[in-house]
Amino acid sequence: MNMYFDDKEYDWPYEVNYGKEVNVEADVVILGGGLAGTYAAIAAARKGLSVALVDKSAVIHSGAGGTGIDHFSCPLNPASKINIDSYLASRNEYNNFIIKYILAMDSYECLLEMEKMGIKMRDTEDDFKGAEFRDEETKLLFAFDHENNHTIRFWGRGMKPGLYKEAKKLGVKMYERIMVTSLLTEDGKVGGRVIGATGLNTHTGEFYIFKGKAVVLCMSTPDRLFHFSSEWVGLIGRDGPPTNIGDGHAMAWRVGAEFTKMEHTSHEEWGGSTGIGSVLFGSGTCFATWYPCTIVDADGKEIPWVDTLGHPIKTSYDRTHPRPEEGFFTLVLGKGEGAPGAFPVMIPDLQEKIKKGEYKLPLYADLPGMPEKERRAIFGLMISNEGTTYPVYRNLTKAGFDPDKDQLQVYEMGPSPIGWRRLRYGGLLNDWKLMTSLPGLFAAGQQLYDGCGCTQALSTGRWCGSMAAEYAKEIEFTDLNREQIDKEKERVYAPLTRSEDGINWKELETGISKVLQDYCGDRKTEELMKIGLIELDEIKRGEMQTLWARNPHELMRALEAESVLTCAEMVIYASMARKASSDTLSFERIDYPEMDPEEWNKWVVTKMTDHGVEISDLPLDYYGDLKEEYEKLRPLVARTAEWRPGEPDPATTGKQE
């Protein structure tokens with residue numbers, strides 16, 4: 001098999017075996033080896049079951065957190081000053097409170113377990129001793145809100161390797177460079193119990209068939225929908241790797257799983273001029289990591305900050321310590337009693353003042369003007385451990401940048417002239433066991449609706465892997481449906497049989513993005529979205545049938561493009577189903593302009609059936625009593641550390657199990 005580049009022929013570096021089948025059987029089959037998938041594999045293996053972990057990349061560094069993370073949301077850690085009620089009040093009503101509750105209650109246990117795996121989570125060498133963001137008893141370091149201590153800074157570049165080693169030690173079988181292409185169901189039926197999956201080896205082209213008693217989806221939210229350009233760094237993805245394109249969403253949709261929140265597509269303005277987060281978070285800015293940093297203009301004139309009421313904030317300390325009436329700082333504001341305050345922002349009329357000459361461009365992050373320990377924590381710890389910002393840190397350091405002496409130019413200070421829409425946390429509907437609407441199919445991390453962040457991935461992965469293992473203990477293996485496998489095999493290899501006179505994956509994705517921009521953009525109508533579905537159907541029946549590939553890598557990209565098209569359809573179907581506008585969901589319909597009418601305060605649920613798309617709804621609080629439901633299942637979670645909110649830190653008292 002040969003590959004082509006610039007009209008020159010090169011040997012493909014691997015032996016290609018298109019059509020060859022590799023059969024794998026395991027009690028629990030986990031699809032996606034990011035943080036959620038790897039922790040799910042660890043939890044299932046702790047239950048004594050056989051586990052197969054399948055990933056498109058190499059598990060040791062795969063997934064959105066694979067190359068590093070700099071902070072860990074841990075609202076109920078021993079040094080935290082918030083409680084479960086205030087944490088839940090910080091979320092708006094359109095949240096997945098099942099996984100939010102699991103995160104709050106289990107995240108510190110996860111931290112304790114990861115420390116046992118050798119992952120550095122606290123300042124054990126006392127490098128930051130005496131810093132006001134350090135808790136001296138636990139030696140934990142805190143970010144963003146230094147008063148309430150609900151977000152931990154840590155050395156996250158070691159997280160994924162540590163989880164990988166633990167999974168290997170427990171005997172998890174890893175199948176890497178395998179693109180999962182479909183789910184297999186009992187009798188091959190849409191809506192049936194999930195009993196396996198298929199995959200493509202992206203090096204050899206071999207066809208993998210996975211058989212399991214329980215299947216766990218741990219892939220990601222689609223990230224290449226509304227905008228796509230392969231020439232932009234990172235293939236226009238901010239929060240994860242460019243291969244996060246929604247394969248899991250697409251394959252679950254095709255077999256009839258229920259989804260919700262798929263209409264929540266927000267207009268992204270931060271980082272829009274670059275399409276990636278490395279410049280936004282790796283350079284000086286006024287967001288997240290950089291709240292404590294003073295911003296100055298080209299003449300050294302300080303740019304003022306203000307609180308949510310417009311009151312001036314003058315010191316780094318005030319930008320990380322909320323006023324008593326604000327409770328605690330959070331990025332996501334709830335609406336209930338006790339809801340916290342928002343983080344400080346730059347003065348809202350900064351652009352106008354720049355035009356008038358009051359401030360001179362360019363602007364700079366004044367690192368030398370910061371408190372010394374805060375400067376080292378931001379640039380030396382956080383920027384060097386976050387995967388999207390480490391390349392910036394590495395290149396600046398190699399070039400001689402010295403944060404003790406040098407200011408850092410600011411590239412992103414607010415809304416960009418080039419914004420784009422992105423899917424915001426739409427995903428699979430789940431119950432308390434994190435099982436989907438399909439028996440045997442579990443999910444964790446970004447595969448779930450509202451599944452965002454590394455802590456959520458870790459805590460739901462551990463919970464989900466435990467529940468899937470318990471389910472698998474009570475189930476026998478079921479024979480796979482050969483007709484379903486053969487049909488999928490034909491679909492997977494079809495691009496290899498086509499002429500290069502057709503369309504390639506880049507062209508196809510660009511066209512899909514254009515349809516979403518034109519017909520499901522910032523302002524929607526029924527007519528526009530119907531046209532969008534017609535356009536996507538024409539692409540599916542026309543251009544997509546000419547989609548070609550010349551080697552296993554291009555075949556992977558072609559299949560990704562097909563998943564992108566399926567996810568685009570899912571977004572439009574969900575957007576048509578919600579016949580009301582919603583400020584909370586960043587959702588505006590011109591033909592239904594009323595914002596958040598009471599009768600539409602509910603989950604819109606969509607699924608594919610043999611007869612087409614079916615629409616239903618659920619009350620926002622379908623999950624029941626949070627504490628009661630959580631406590632029912634907590635004893636089933638596989639754990640190596642035991643901790644309850646309100647208890648002292650086992651690592652400092654010697655009581656860790």
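Reader: How much space lies in the second largest cavity?
Author: This is a predicted model, with residues numbered from 1 along each chain as its sequence is written; local features need pLDDT of at least 70, side-chain atom pairs count only at pLDDT 80 or more, and totals for chains, interfaces and linings use all residues. Side-chain values use heavy atoms, leaving out hydrogens and water. The structure holds four cavities of 30 Å³ or more, a cavity being a set of points on a 1 Å grid over the protein atoms alone where a 1.4 Å probe fits but cannot get out. The space in the second largest cavity is about 40 Å³.

Reader: Which element gives the most to the lining of the second largest cavity?
Author: The lining (residues with an atom within 4 Å of a point) consists of M179, V180, T181, D247, M251, R491, L559 and S563. By class, four are nonpolar, two polar and two charged. At least two residues come from each of β10, α5 and α15. With three residues, the element that gives the most is β10.

Reader: What is the volume of the second largest pocket?
Author: A pocket is an open set of points with protein on both sides within 12 Å along at least five of seven lines. Here 29 residues line the second largest pocket, and R254, V255, K487, E488 and R491 are the closest to its centre. β10 (178–185), α5 (247–254), α12 (482–493) and α15 (552–577) each supply at least two lining residues. The volume of this pocket is about 900 Å³.

Reader: Is α13 roughly parallel or roughly antiparallel to α14?
Author: The axes of α13 (505–519) and α14 (526–541) come within 9 Å and cross at roughly 170°. Angles under 35 degrees count as roughly parallel and those over 145 as roughly antiparallel, so α13 and α14 are roughly antiparallel.

Reader: How many charged residues are in the contact of α13 with α14?
Author: From α13, the contact (heavy atoms within 4.5 Å) takes in L508, G511, I512, V515, D518 and Y519. On the α14 side are L528, M529, I531, G532, E535, L536 and I539. By class there are nine nonpolar and two polar residues, and the number of charged residues is two.

Reader: How many charged residues are in the contact of α14 with α15?
Author: The axes of α14 and α15 come within 10 Å and cross at roughly 160°, which means the two helices are roughly antiparallel. Contact residues include E526, K530 and K540 of α14 and E569 of α15. Beside nine nonpolar and two polar residues, the number of charged residues is four.

Methods. Axes fitted to C-alpha atoms, helices over the stretch in contact; angles between N-to-C directions. Helix = DSSP H or I, 4+ residues; strand = E, 2+ residues; numbered from the N terminus. Parallel < 35°, antiparallel > 145°, perpendicular 65-115°, else oblique. Nonpolar A, V, L, I, M, F, W, Y, C, P; charged D, E, K, R; others polar. Points joined across faces, edges and corners; volume = space filled by probe spheres on them.
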